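User: I would like to learn how to read the packing in a protein model. Could you take me through it step by step?

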Amino acid sequence: MSILGKILGGIFGRKKPEAAPRPAPSATAPQPAPASTPSPSASPPPTAGQPGAAGLGTSPQPQDVDVAAMLDAMNDEAGQRLNWRTSIVDLMKLVGMESSLAERRELADELGYDGDKGDTAAMNMWLHRQVLKRIRENGGQLPADLAD
């Protein structure tokens, strides 16, 4: 899975309600097996090159999630205070990801960063803007102060 896919999954994956348990089939009247159709929540997120892949267009079904409220709630539950609103490192940590320089450089490659990856401050600021942009493209609602 792509790094961006992991970030989006860490955010949008938390919104989905758990599936209700299905009733057990009756022993007296056998039920035909339902047609095998994957549910949207069971589908793996699209990968680069597939329709709906982050960075390659928008998701066909926007999530319409108040991402800021969700991340603030996650931050309240976290053992440390993370500044996800300005830091790609803290955003990655908040959704349970490794935020190492190697991971951020891989994310930069994935998102098409063409700047100097040795200038980590500039790269990190660019990554943060791009990830917030992709969150919006996938239906995430963010406050205007986080807009480009």
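User: Which residues does Trp84 touch, not counting residues up to four places away in sequence?

Analyst: This is a predicted model, in which local features need pLDDT of at least 70 and side-chain atom pairs count only at pLDDT 80 or more, while totals for chains, interfaces and linings use all residues. Residues are numbered from 1 along each chain as its sequence is written, and side-chain values use heavy atoms, with hydrogens and water left out. Contact means heavy atoms within 4.5 Å. On that basis Trp84 touches Ala68, Leu71, Asp72, Asn75, Asp90, Leu91, Leu94, His128, Leu142 and Leu146.

User: Is Trp84 buried or exposed?

Analyst: Buried means under 20% relative accessible area, exposed over 50%, and partly exposed in between, with a 1.4 Å probe and protein chains only. Trp84 counts as buried because its relative accessibility is 1%.

User: How far apart are Trp84 and Leu71 in sequence and in space?

Analyst: They are 13 residues apart in sequence, and their C-alpha atoms lie 7.8 Å apart in space.

User: How are helix α4 and helix α5 packed?

Analyst: Two packed helices are described by the angle between their axes and the distance between those axes. Helices here are DSSP runs (H or I, at least four residues), numbered from the N terminus, and axes are lines fitted to C-alpha atoms over the stretch in contact, with angles from 0 to 180 degrees between N-to-C directions. Helix α4 (residues 101-111) and helix α5 (residues 120-137) pack at about 60°, with axes 10 Å apart. Angles under 35 degrees count as roughly parallel, over 145 as roughly antiparallel, 65 to 115 as roughly perpendicular and the rest as oblique, and α4 and α5 are therefore oblique to each other.

Technical notes: Helices (H or I, at least four residues) and strands (E, at least two) are DSSP runs, numbered from the N terminus.
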